[in-house]
Amino acid sequence: MGKNTGGEAGTVEQFLDSTLESVDSAESLVLDMAQKAGFPEEDLHKIGMSVRETMVNAVVHGNQYSAHKKVHVSVSKGPDRLTVSIADQGKGFDLNGLADPLSEANLLRNSGRGIFLIRAFMDELHVRRLSPSGTEVTMTKYLVRK
Amino acid sequence: MSVKLSTRQVGDVSVVDVAGRITLGEGSSALRDTLRDMVSKGQKKILLNLGEVSYIDSSGIGELVSGFTTVTNQGGQLKLLGLTKRVKDLLQITKLYTVFDVHDNEASAVRAFT
């Protein structure tokens with residue numbers, strides 16, 4: 001179960017267990033803030049999916065479902081943007097080492113599309129190694145008011 | 001709701017009606033199990049009706065690809081029916097839309113099997 005450390009402020013944080021249930025929890029948390037920020041339905045879908053993909057990477061590949069490792073989720077709401085950071089405690093991965101899922105050789109692979117979809121759906125994506133271990137993925141979606 | 005799958009026969013085509021969410025965990029494994037079971041029973045013409053699929057993630061996309069290659073490698077055919085806009089968009093972004101034979105109408109999809 002996670003812990004809120006934010007309330008109505010611009011940033012909300014949770015420390016979640018390394019389970020698939022946490023994927024749903026993180027998605028709900030972020031979508032609630034995104035909805036209140038005024039993102040349109042199509043953007044909500046893109047944000048929610050990006051959070052799910054990142055959480056799955058953190059829980060499955062990063063923390064490998066370890067009961068001793070947590071996923072730190074931080075959501076910040078600015079006047080024109082929503083920024084989500086998701087950090088695991090795993091061994092980390094090299095963003096540049098990921099195979100291109102659109103290349104002919106990889107097109108029919110069963111996996112390897114998560115980061116690609118996040119890049120397609122969010123406006124910014126940053127990945128950094130944490131010390132002593134872990135990976136932090138930070139993604140931002142800008143609010144375009146009509 | 002996670003995912004609900006039901007199968008029916010239209011001539012010699014096996015139609016799988018899929019409803020709900022195909023995501024990592026129960027949703028994608030249910031689809032995988034259903035397709036593997038059909039292939040193991042020798043069913044060679046499979047039409048996946050995704051008209052009631054509300055959500056699919058990269059794991060779900062992976063299961064569609066896996067099902068496609070499994071059926072094709074066994075000499076069968078797997079076609080898709082009734083994609084929602086979001087599923088269609090995802091398949092286009094990932095360049096998989098042209099890999100699958102996609103239909104909007106069940107009758108024409110069934111006729112398309114050779």
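Predicted model: local features only at pLDDT ≥ 70, side-chain atom pairs only at ≥ 80, totals over all residues.
Residues are numbered from 1 along each chain as its sequence is written, and chains are lettered from A and ligands numbered from 1 in the order in which they are written.

**View 1. Secondary structure of chain A.** Three helices and five strands make up the elements of chain A; helices (H or I, at least four residues) and strands (E, at least two) are DSSP runs, numbered from the N terminus. Along the sequence their pattern is β-α-α-β-β-α-β-β.

**View 2. Dimensions and packing of chain A.** The C-alpha atoms of chain A fill a box of roughly 45 × 40 × 25 Å along the principal axes. The radius of gyration of chain A, 15 Å, agrees with the value near 15 Å for a compact globule of 146 residues; this radius is taken over C-alpha atoms, and the globule rule is 2.2 Å times the number of residues to the power 0.38. Of the 146 residues of chain A, 35% are buried, that is, 20 or more other C-beta atoms, placed from the backbone, lie within 10 Å of the residue's own.

**View 3. The contact of chain B with chain A.** Chain B gives 14 residues to the contact and chain A gives 16 residues; two residues are in contact if their C-beta atoms, placed from the backbone, lie within 7 Å. On the side of chain B that touches chain A, α2 (58–73) and α3 (85–93) of chain B each supply at least two residues. The largest share, six residues, comes from α2(B).

Key:
Buried ≥ 20, exposed ≤ 12 C-beta atoms within 10 Å, placed from the backbone.
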